[in-house]
Amino acid sequence: MSRMMKSYELLEEHMKNIYFDFYKETYKEGTALDNKTKELIAIAASLGFKCEGCLEGHLEKALKHGATKEEISEAVAIAMGVGAASVVDQTDHVAEKLQTRHFE
């Protein structure tokens, strides 16, 4: 069994089926986004949710669907930017609570 599949060992079979049916539905052809774009989004989401197995799989699939290293790098940079913004957002809450400004 692959490393990624171990994540699903605790699920009952019918719950696995529900998940995999949903997953397959998100990747069907003829939707608003092509599969390369979906995989670039999935790479960014995998980074944001810290899913190593997801990241490995989506990197492989992105390349299979024609994503370039530059496109993948840009998706990673966007994820980094959103991640940094989330920290700044939280520090704004701290600054408000303490009634102070950052780096005065």
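**Close-up views of a predicted helical model**

View 1. When neighbours within four places in sequence are left aside, the residues in contact with Ser 46 are Cys 51, Cys 54, Leu 55 and His 58. Cys 54, Leu 55 and His 58 belong to helix 3 and also take part in the meeting of that helix with helix 2.

**View 2. The packing of helix 2 against helix 3.** Two packed helices are described by the angle between their axes and the distance between the axes. For helix 2 (residues 35-48) and helix 3 (residues 52-64), the axes come within 9 Å and cross at roughly 160 degrees. Helix 2 and helix 3 are therefore roughly antiparallel to each other, since angles over 145 degrees are placed in that class. The crossing of the two helices is left-handed. From helix 2, the residues that meet helix 3 are Glu 39, Ala 42, Ile 43, Ser 46 and Leu 47, and their counterparts in helix 3 are Cys 54, Leu 55, His 58, Leu 59, Lys 61 and Ala 62.

**View 3. Lys 50 in the loop between helix 2 and helix 3.** Lys 50 is placed in the loop that lies between helix 2 and helix 3, and its phi is near 55 degrees, a positive value in a residue other than glycine. Most residues other than glycine have a negative phi. Lys 50 is also exposed, because its relative accessible area of 74% is over the 50% limit for that class.

**View 4. Helix 4 and the residues buried along it.** Helix 4 has 30 residues and reaches 43 Å from its first C-alpha to its last, which is close to the 44 Å expected at 1.5 Å a residue. Its buried residues are Ile 72, Ala 75, Ala 79 and Ala 95, and what covers the buried residues of helix 4 includes helix 2 and helix 3.

**View 5. Gln 99 in the segment after helix 4.** Gln 99 lies in the segment that follows helix 4 (69-98), and just after that helix it takes a positive phi of about 55 degrees. With a relative accessibility of 74%, Gln 99 counts as exposed.

How values were computed: Residues numbered from 1 in each chain as written. Predicted model: local features only at pLDDT ≥ 70, side-chain atom pairs only at ≥ 80, totals over all residues. Heavy atoms only, no water. Axes fitted to C-alpha atoms, helices over the stretch in contact; angles between N-to-C directions. Helix = DSSP H or I, 4+ residues; strand = E, 2+ residues; numbered from the N terminus. Parallel < 35°, antiparallel > 145°, perpendicular 65-115°, else oblique. Left-handed = near helix turned anticlockwise from the far one by under 90°. Contact = heavy atoms within 4.5 Å. Buried < 20%, exposed > 50% of the residue type's maximum accessible area, 1.4 Å probe, protein only. Expected span 1.5 Å × (residues − 1).
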